[in-house]
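Subject: A structure to look through

Dear colleague,

I am handing over the structure below, together with notes on what was found in it. Please open it beside this message and follow along as you read.

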Amino acid sequence: MEENRTITIAECQVETIKHIENVRKYIRSFSDKLITRGVEHDRLKLESPEVEIFTEYTPKLAESTYSSETYNEFLKKNECSSTTSLC
C-alpha cells in the first residue's frame, strides 16, 4: 500500500508557480495565434475580392430588415462569395 506523500508549503508553492507559468504559456500561445488570425482576417476584408463583395452587399444588407428572408439571402450570397467561405 502506498503512503501519502507530504510536501511542505514551500514545495507546494513552487509546484503551483510552475503550473501557473505553464498555463500562462499555453494561454499566451493561444492568444497570439488568435490575434494573428484576426489581423489576417481583417486584412483580407480590405483586399480583392473581399472588398468588392462587401461593396456590393453592405448596402443591400443595410436596406434589409435584420434577420428577414431577404437579409438572410443577401448574407448567404455574401458569405458564399467570400474567399474564406465554407459554402
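**Overall layout**

Read along the sequence, the chain runs in the pattern α-α-α, with three helices and zero strands; helices here are DSSP runs of H or I with at least four residues, strands are runs of E with at least two, and both are numbered from the N terminus. Please keep in mind that this is a predicted model, in which local features need pLDDT of at least 70 and side-chain atom pairs count only at pLDDT 80 or more, while totals for chains, interfaces and linings use all residues. Residues are numbered from 1 along each chain as its sequence is written, and side-chain values use heavy atoms, with hydrogens and water left out.

Along its principal axes, the C-alpha trace spans about 70 × 30 × 20 Å. Of the 87 residues, 11% count as buried, where buried means under 20% relative accessible area, exposed means over 50%, and partly exposed lies in between (1.4 Å probe, protein chains only).

The domain assignment gives domain 1 (8-41) and domain 2 (44-81), with bounds that come from an automatic or database assignment. The C-alpha centres of these two domains lie 38 Å apart.

Which residues of H3 are buried? They are Tyr71, Phe74 and Asn78. Seen down the axis of H3, these buried residues fall within an arc of 65 degrees, so they line one face of the helix, the arc being that of the directions from the helix axis to the C-beta atoms. They pack against helix H2 (50-63).

The largest nonpolar core has five residues in all, namely Ile53, Tyr57, Leu61, Tyr71 and Phe74; such a core is a set of buried Ala, Val, Leu, Ile, Met, Phe, Trp, Tyr and Cys residues joined through side-chain atoms within 4.5 Å. H2 and H3 each supply at least two residues of this core, and the largest share, three residues, comes from H2. Leaving aside residues up to four places away in sequence, Tyr57 touches Phe74, Lys77, Asn78 and Ser81, where a contact means heavy atoms within 4.5 Å.

**The loops**

Pro49 lies in the loop between helix H1 (9-45) and H2, and the peptide bond that joins Ser48 to Pro49 is cis, with omega near 5 degrees. The loop between H2 and H3 holds Ser67, which has a positive phi of about 70 degrees although it is not a glycine. For background, most residues other than glycine have a negative phi, and most peptide bonds are trans. Ser67 is partly exposed, with a relative accessible area of 46%. Thr65 is also found in the loop between H2 and H3, and Thr65 counts as exposed at 58% relative accessibility.

With best wishes
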